[in-house]
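Student: I would like to learn how to read a sheet, a pocket and a cavity from a set of coordinates. Please take one case through.

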Amino acid sequence: MRYCSTRNAADTVSAAEAVKEGIAPDGGLFVPAARLIANDELRGFAGDYQELCVKVLSIFFPEFTAGELQGVVAGAYGGGKFPLPAVAPLSEAGGVYFLELWHGPTCAFKDMALQVLPRLLPLAVAKTGAGADIAILVATSGDTGKAALEGFRDVPGTRVIVFYPEEGVSEMQRRQMVTQEGENVHVVAVRGNFDDAQGGVKAIFRDKKIKEVVGAGGFRFSSANSINWGRLAPQVVYYFHAYNRLLARGRLSAGDRVNFVVPTGNFGNILAGYYAWKMGLPVNKFICAANSNNVLTDFINTGTYDRNREFYRTISPSMDILISSNLERLLFEAAGRDDRKIISWMEELASEGRYTVDRNTSQTIRDLFWSGCATDEETMDTISSFFTAHGYLADPHTAVGINVYNKYVARSNDETPAVVVSTASPFKFNRSVAGAVLGKDAVRSHSEYELTALLAAETGREIPPALQNLETRPVLHSDVVSKEGMKEMVVRLLS
Ligand SMILES: *Cc1c(COP(=O)(O)O)cnc(C)c1O
């Protein structure tokens with residue numbers, strides 16, 4: 001399989017090239033250059049998670065040998081990194097299934113792909129004969145940063161620089177990042193929100209001068225954000241995995257359709273589900289769940305994407321995003337792979353902050369996607385009521401999913417079995433989760449660290465090892481820059 005840019009469907013590159021570059025030189029995103037076709041082997045596949053992952057990756061990365069991919073996958077998911085044998089267990093509560101993607105080293109779903117990418121990238125670089133070290137720039141809304149740091153720490157030939165919004169992450173998320181060990185890692189706070197950090201990173205990728213400067217120092221840039229195809233491909237796996245678990249448990253018969261509910265920010269997770277659908281996974285609807293930053297909900301419902309709106313800091317910070325990069329990939333497919341349309345919409349987005357797609361494209365998207373949103377108050381209520389009624393403790397992102405799914409069912413009466421994609425451990429967001437479960441007064445005077453213990457005691461859940469004793473680990477990273485200062489910081493760190 002070869003890859004093209006969403007802004008230039010004619011020229012193609014190899015998978016290794018696409019992963020190494022991260023983003024296409026024209027600013028577009030790499031997508032499979034040919035239409036994906038249904039793969040009958042994946043649906044109903046009886047092997048374990050790692051075997052399924054090798055199968056999926058071998059489709060997307062044909063120039064990698066089976067041995068290479070097995071090594072990548074064993075390194076990513078084996079060796080105790082994901083302690084549960086299922087890797088991503090499927091639990092059940094309140095009439096829905098939860099695909100729990102947060103049993104990896106940093107307790108959020110980003111680990112699913114960011115344990116794979118750091119193993120894939122050095123191989124990709126070797127295959128394309130680039131003689132430089134890779135400098136990975138990451139913009140994070142909280143979870144990607146830590147997962148990238150863990151994934152890339154001490155990987156030879158790589159450096160990682162993570163930019164996070166100074167005021168935009170939970171205390172546990174921040175602490176996880178600033179205590180990161182490793183010889184090749186840097187963590188920098190940006191005065192601004194996630195869109196500022198992501199915009200700053202994209203600007204660096206486009207800046208020829210800075211590329212020359214770091215190039216002279218022996219580095220070339222790549223991305224560990226979900227704009228990198230190497231992030232998306234491993235995420236396709238767990239959609240098939242969830243379906244196959246339901247088949248194995250007799251909850252579905254072959255060919256039955258399911259709904260997936262996905263708490264969404266940058267549109268990476270849900271887009272991986274869309275590619276799984278293209279590869280033959282029987283999906284009825286993808287339910288795109290947003291928080292108050294509901295730019296995607298409005299887009300899916302109206303066909304107009306408009307980022308000119310207030311930005312909210314919510315209790316689901318990993319979804320506090322107004323420019324959802326991966327939507328560009330869906331647009332490309334839904335618009336019949338018409339790169340000229342993508343170029344004009346993305347130009348409008350850059351200049352006006354908004355664009356409207358044609359009716360066909362909009363309808364094509366609505367045939368498969370439904371979207372709703374939840375306020376912080378609704379999210380808190382959902383965490384509390386779902387725990388009380390069903391004993392299931394959801395983090396705020398997952399709770400947004402539950403809330404929006406309930407709205408969907410009320411509106412549609414759709415009885416298709418639903419899988420809520422559960423994206424983070426509740427302990428990563430314990431101020432909100434403990435507040436919802438124990439009441440706001442009970443949590444007011446406690447630090448996040450104290451709340452970890454309190455929440456565990458109250459709910460009988462175990463604190464994930466990665467989140468234990470965070471407060472006693474030394475802070476190793478304290479740089480803060482303005483959005484404008486990001487370039488200079490990159491140059492300084494890489495020289
Ligand atoms: C990143 C993240 C999301 C959003 O995923 P996208 O791929 O950006 O849409 C949702 N929940 C959690 C916990 C996350 O870390």
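The dialogue below goes through the sheet, then the pockets, then the cavities.

Student: What kind of model is this, and how are residues numbered?

Tutor: This is a predicted model, in which local features need pLDDT of at least 70 and side-chain atom pairs count only at pLDDT 80 or more, while totals for chains, interfaces and linings use all residues. Residues are numbered from 1 along each chain as its sequence is written, and side-chain values use heavy atoms, with hydrogens and water left out.

Student: In what order do the five strands of the open sheet lie?

Tutor: Strands of a sheet pair through backbone hydrogen bonds, either parallel or antiparallel. Strands (E, at least two residues) and helices (H or I, at least four) are DSSP runs numbered from the N terminus, and two strands pair if DSSP finds at least two bridges between them. Here the order is E9-E6-E7-E8-E16, with parallel pairing. Strands E9 (219–223) and E16 (479–482) are the edges, each pairing on one side only. E6 (residues 133–139) and E7 (residues 158–165) pair over six bridges, and Ala139 stands opposite Phe163 in E7.

Student: Which strands does helix H8 touch?

Tutor: Contact means heavy atoms within 4.5 Å. Angles run from 0 to 180 degrees between N-to-C directions, with axes fitted to C-alpha atoms, for helices over the stretch in contact. H8 (residues 194–206) packs on the sheet against E6, E7, E8 and E9, and its direction makes about 150° with that of E6.

Student: Which element gives the most to the lining of the largest pocket?

Tutor: On a 1 Å grid over the protein atoms alone, a pocket is an open set of points with protein on both sides within 12 Å along at least five of seven lines; a cavity is a set where a 1.4 Å probe fits but cannot get out; lining residues have an atom within 4 Å of a point. Grid points are joined across faces, edges and corners, and a volume is the space filled by probe spheres set on the points. The largest pocket holds about 990 Å³. Its lining has 39 residues, with Arg7, Gly199, Lys202, Ala203 and Arg206 nearest the centre. H8 gives the most, nine residues.

Student: How many cavities of 30 Å³ or more are there?

Tutor: There are four. The largest has a volume of about 260 Å³, and of its 27 lining residues, Phe109, Lys110, Gly265, Asn266 and Ser318 are closest to its centre. Helix H11 gives the most to this lining, with three residues.
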